[in-house]
Amino acid sequence: CVQQVKDVEKQYNVTFDAVFRGRTDSVWVKPVKPAKELMQKTPKSILHWWDMAILAPRNATGIFTHFYDGWTKCKGSWKGRSVPEMEWEDGAMTTGHAYVKYDFPQVVKRTSICKGRAIWNCQINVAGLSFEQCLMALYPEDAKTMDIKLAQKTLALLDKCKGNEKLTNPNCKKEHVIGLWRKSYPKKCTDAVIPGTEVW
């Protein structure tokens, strides 16, 4: 995508002030401040929201090519990190810009509410939306048929059951947590992938 930016700049004899990268499977749930305003407030920063959105000054686009450049030059075992947002953070360091978390009002929308992590994605308080508001924005029809309070309670329990807690807390038994999920999901999700059960 950086090469496309360069091609457009060359074709029209322009230079962009900033480059924005967003995940195509994410949904904007609220308006966002103009890029110009954000860049003026933080001229030496690359703003990001996990791996969903990155706003970088034009002179910091090396953040997007850092991983690929390293991978293509690799002749042996890969020593870099493999999680996108970590790689972009490493790339930001090479540009001399701060890598700053910014709450872009985006959330990943799965093809169905029954897909793994579809509900979990609304847990991270997107742009000040409540868990219920997020689900209603992404999956309005399905959200009406589920027990949202129970789903939220189950997510909280999953967080609690990480580490040694899962060994000592009877509520952390896998069968119990999966049972709660099944009750909270819409009835059509008979084979829903249960997010977070990898803690066992």
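Analyst: A residue is called buried when its relative accessible area is under 20%. Please note that this is a predicted model.

User: Is strand 3 buried or exposed?

Analyst: Of the 5 residues of strand 3 (residues 45-49), 5 are buried, so the strand is largely enclosed by the rest of the structure.

User: Which residues point which way from strand 3?

Analyst: S45, L47 and W49 point one way, while I46 and H48 point the other way, and all are buried.

User: Which strands does strand 3 pair with, and in what sense?

Analyst: With strand 5 (residues 98-101), strand 3 pairs in the parallel sense over 4 bridges; there, K101 is the bridge partner of H48. Strand 3 and strand 4 (residues 53-57) run antiparallel and are joined by 3 bridges, and L55 in strand 4 is the bridge partner of L47.

User: What about the hairpin of strand 3 and strand 4?

Analyst: That hairpin has 3 residues between the strands, and W50 takes a positive phi near 50°.

User: Changing topic: how many aromatic pairs are there?

Analyst: The count comes to 6 aromatic pairs. One of them is F20 with W28, a tilted pair at 5.9 Å centre to centre with 35° between the planes.

User: And how are the rings of W28 and F104 arranged?

Analyst: Their centres are 6.4 Å apart and their planes are at 90°, so the pair is edge-to-face. W28 lies in strand 2 and F104 in the loop between strand 5 and strand 6, so the pair ties together parts that are 76 residues apart in sequence.

User: Is F104 buried or exposed?

Analyst: F104 counts as buried, at 2% relative accessibility, whereas W28 is partly exposed at 38%.

Notes:
Residues are numbered from 1 along each chain as its sequence is written. This is a predicted model: local features need pLDDT of at least 70, side-chain atom pairs count only at pLDDT 80 or more; totals for chains, interfaces and linings use all residues. Side-chain values use heavy atoms; hydrogens and water are left out. Buried means under 20% relative accessible area, exposed over 50%, partly exposed in between (1.4 Å probe, protein chains only). Helices (H or I, at least four residues) and strands (E, at least two) are DSSP runs, numbered from the N terminus. Two strands pair if DSSP finds at least two bridges between them. Rings of Phe, Tyr and Trp (its six-membered ring) pair if their centres lie within 6.5 Å; planes under 30 degrees apart count as stacked, over 60 as edge-to-face and the rest as tilted.
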